[in-house]
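These are my notebook entries on one protein structure. I set down what I looked up, one topic at a time.

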Amino acid sequence: MNHWATGTAGPWHWEAGLAPYAVRSDASAGRKHPEPDHPYRSPFQRDRDRIVHSAAFRRLAYKTQVFTGSLGDYHRTRLTHTLEVAGTARTLARALRLNEDLVEALALVHDLGHPPFGHAGEAALDECLANCGGFEHNRQALRIVEILEERYPGFPGLNLTREVLEGQAYRADKGPTRPSPALEIQVVEAADSVSYDTHDVDDALQLGLVRLEELAELPVWREAANYVRKRWHALDAAQLRRATVHRLVDWQMSDLLQEARQRIAREQIDSVAAVRRCGPIVVPSTAMAEQKRQLEQFLQQRVYRNPRVMTVRRRAQEQLREMFCALIHRPDQMPERFRHLADCEGLPRAVGDYLAGMTDRFARRQYAAVCRGGAKYPSRP
Ligand code: MG
């Protein structure tokens, strides 16, 4: 029986313990296409389930995070990165008594719009679509959940709550004047940053793109590694790497929580409205922000621009560009739904959506079929 009907505790009784500045399900602004409440799942739990059951989410398993499959099988994919962000974000949310269901939905959707081949693929598509609005993965995630997913008979997309859409729109809006978002959104932003910084280091070490001695140049790594060495003696290189990465995650999380709690107390944050009026709350301390800046600079110079990574990246971009040109000239090689989409939104956008939805391996297969098997097309549409 529905709890609403009995007049007893509401269906989302577990939200009673949330902090006054957490987003509550009963205060949700609802969905674009109105739907009745579910009897025992909160609106944000439904959003989470819809995201997990989407085709775009399943494809994340075969999409590059930073390192493509040709470099090995150890490293994160876009799916495992997403799951790590969701776990990290939920830990922060629970410690701050925020709405974990909303945080989980926001985390699971946050990278849904990534094309194949990671940021290299994104840059190539942005170039191909330069004359019609460009391509950006956060905006693409919104297109997926609002238009492109076809799962429900009553509406296009996933019809997610306005709170989840707001979180994704916040990520897409890079403007300096964007207002502070709900803490649930801030938590996911922070968790994403903790995850990619530390896990890219872990992957790069395991793949042999950098050595432990190089990382020892960084104060943040040295301090974390010294902490580990004091606790455990005689670790081999692999044990040291793993334990130092764990320490880096733990250290950043503790710093975020301490900083957020101080800001919440200092600014007397007691409602969602107060969060929106305040500056950023879930951010690293000044000292940790500097450590992260150095770490990110190191990753930029030594890892993301590593010759092995750059070679794979250039090849992937060439393939996407060539496929884009080929499909502009031969849209009949796309599935029917993308040809229909071209009628409403123009051919370049439809080709961009088709390519962006591909996994890395599907893109490679299609490249072979579309470009190598057929006629030659000019490199630009
Ligand atoms: Mg991410």
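What volume does the second largest pocket have? I looked this up in the model, which is predicted, and found a volume of about 360 Å³.

Entry on the pocket lining. I noted that 22 residues line the second largest pocket, and that Arg-59, Arg-337, Phe-338, Asp-353 and Gly-357 lie nearest its centre.

Entry on the metal. I next turned to the magnesium ion, whose protein donors are His-81 (NE2), His-110 (NE2), Asp-111 (OD) and Asp-192 (OD). These donors lie 2.2 to 2.5 Å from the ion. Along the sequence I recorded their spacing as H-x28-H-D-x80-D. His-81 belongs to helix H4 (residues 78-95), whereas Asp-111 sits in the loop between helix H5 (100-109) and helix H6 (118-128). The two residues are 30 residues apart, and the pair links distant parts of the chain.

Entry on helix H5. I found that H5 is mostly covered, with 10 of its 10 residues buried. Among them are Glu-100, Asp-101 and Glu-104, as well as Leu-102 and Val-103. The buried residues of H5 pack against several helices, including H2 (43-52), H4 and H9 (183-206). At the start of H5, I noted that a side-chain oxygen of Asn-99 reaches to within 3.2 Å of the backbone nitrogen of Asp-101.

Key
Residues are numbered from 1 along each chain as its sequence is written. This is a predicted model: local features need pLDDT of at least 70, side-chain atom pairs count only at pLDDT 80 or more; totals for chains, interfaces and linings use all residues. Side-chain values use heavy atoms; hydrogens and water are left out. Donors are N, O and S atoms within 2.8 Å of the metal (3.2 Å for Na, K and Ca); water is not among the atoms, so sites may look incomplete. Helices (H or I, at least four residues) and strands (E, at least two) are DSSP runs, numbered from the N terminus. Buried means under 20% relative accessible area, exposed over 50%, partly exposed in between (1.4 Å probe, protein chains only). Contact means heavy atoms within 4.5 Å. A polar contact is a pair of N or O atoms within 3.5 Å; within protein, one must be able to donate a hydrogen and the other to accept it, and residues adjacent in sequence count only if both atoms are side-chain atoms. On a 1 Å grid over the protein atoms alone, a cavity is a set of points where a 1.4 Å probe fits but cannot get out, and a pocket is an open set with protein on both sides within 12 Å along at least five of seven lines; lining residues have an atom within 4 Å of a point. Grid points are joined across faces, edges and corners, and a volume is the space filled by probe spheres set on the points.
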